[in-house]
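Try each task before you read its solution.

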Amino acid sequence: MHSLRDELKKTMFEYFGVFREGSKMEKGLKKLLELKAIYPEVYINNKSPLFNHALIYTLELEGRFDIAEAVARGAIARQESRGSHSRVDYPERDDEKFLYHTIYRLKDGKIVLESLSVRLGKFPIKERVY
Amino acid sequence: MKLKVFRFDRETGDSHYDTFEIETSTRMTVLSALFKIQEELDDSLAFRYSCRGAVCGSCAMLINRIPGLALPDPDRTPS
């Protein structure tokens, strides 16, 4: 269990870390799905119903895989750089195509990426410069 | 490093000390030592923690008979 969790951590850091790149992320997603496929084989020896950290970590790991996949697919779909999502292959922000919130949903056990338009307030849409 | 840890089982009322030997690393905390024991030696080891950052106080325990957090005090340790 712990080794699978560490592998997941390593994969996410390496392929979906600070600077992201399309083809690298595709590789990362493949690796991620391979790891996710191993998850059902995780076995816990500790059967205690009380304060069972091993069970908690294992259940948490299932959620982590879902989150990781959401991050991965969302990042691959967003072909621009915005905020902390920084892609070396798309260094510019693109309001034409990507001015929306990415919604990640499970529909009948299948993963769907949806988008939700941004509610624009009093601030004009413009590139942030520092 | 050897850690002698007090164990208590609420169901059976059994209480005793267990001794674990682990490899230490620099800037390791008591909390991370407990995690290491859980991962490598005994996954039935249970302890309270929450924030991992010396903020919430959940990991307060007796360490060498002195009450304290299983984390370094951020005010007293150089970060």
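**Exercise 1. Describe how helix H2(A) packs against helix H3(A).**

Start with the handedness: H2(A) passes H3(A) in a left-handed crossing. Keep in mind that this is a predicted model.

Next, take the angle. The axes of H2 (residues 22-38) and H3 (residues 53-77) of chain A come within 10 Å and cross at roughly 160 degrees. Angles over 145 degrees count as roughly antiparallel, and therefore H2(A) and H3(A) are roughly antiparallel to each other.

Now find the residues that meet. H2(A) contributes A:Gly22, A:Met25, A:Glu26, A:Gly28, A:Leu29, A:Leu32 and A:Lys36. From H3(A) come A:Phe65, A:Ala68, A:Glu69, A:Ala72, A:Ala75 and A:Ile76.

**Exercise 2. Work out the make-up and overall form of chain A.**

First, list the elements: chain A has 4 helices and 4 strands. Read from the N terminus, their order is α-β-α-α-β-α-β-β.

Then look at the dimensions. The C-alpha trace of chain A spans about 55 × 30 × 30 Å along its principal axes. Its radius of gyration is 18 Å, whereas a compact globule of 130 residues would have one near 14 Å.

Finally, check burial: 10% of the 130 residues in chain A are buried.

**Exercise 3. Characterise the contact between chains A and B.**

Count each side: 8 residues come from chain A and 7 residues from chain B. On the side of chain A that touches chain B, 3 residues are nonpolar, 5 are polar and none is charged.

Note on methods:
Residues numbered from 1 in each chain as written. Chains lettered and ligands numbered in written order. Predicted model: local features only at pLDDT ≥ 70, side-chain atom pairs only at ≥ 80, totals over all residues. Axes fitted to C-alpha atoms, helices over the stretch in contact; angles between N-to-C directions. Helix = DSSP H or I, 4+ residues; strand = E, 2+ residues; numbered from the N terminus. Parallel < 35°, antiparallel > 145°, perpendicular 65-115°, else oblique. Left-handed = near helix turned anticlockwise from the far one by under 90°. Contact = placed C-beta atoms within 7 Å. Nonpolar A, V, L, I, M, F, W, Y, C, P; charged D, E, K, R; others polar. Rg over C-alpha atoms; globule rule 2.2 N^0.38 Å. Buried ≥ 20, exposed ≤ 12 C-beta atoms within 10 Å, placed from the backbone.
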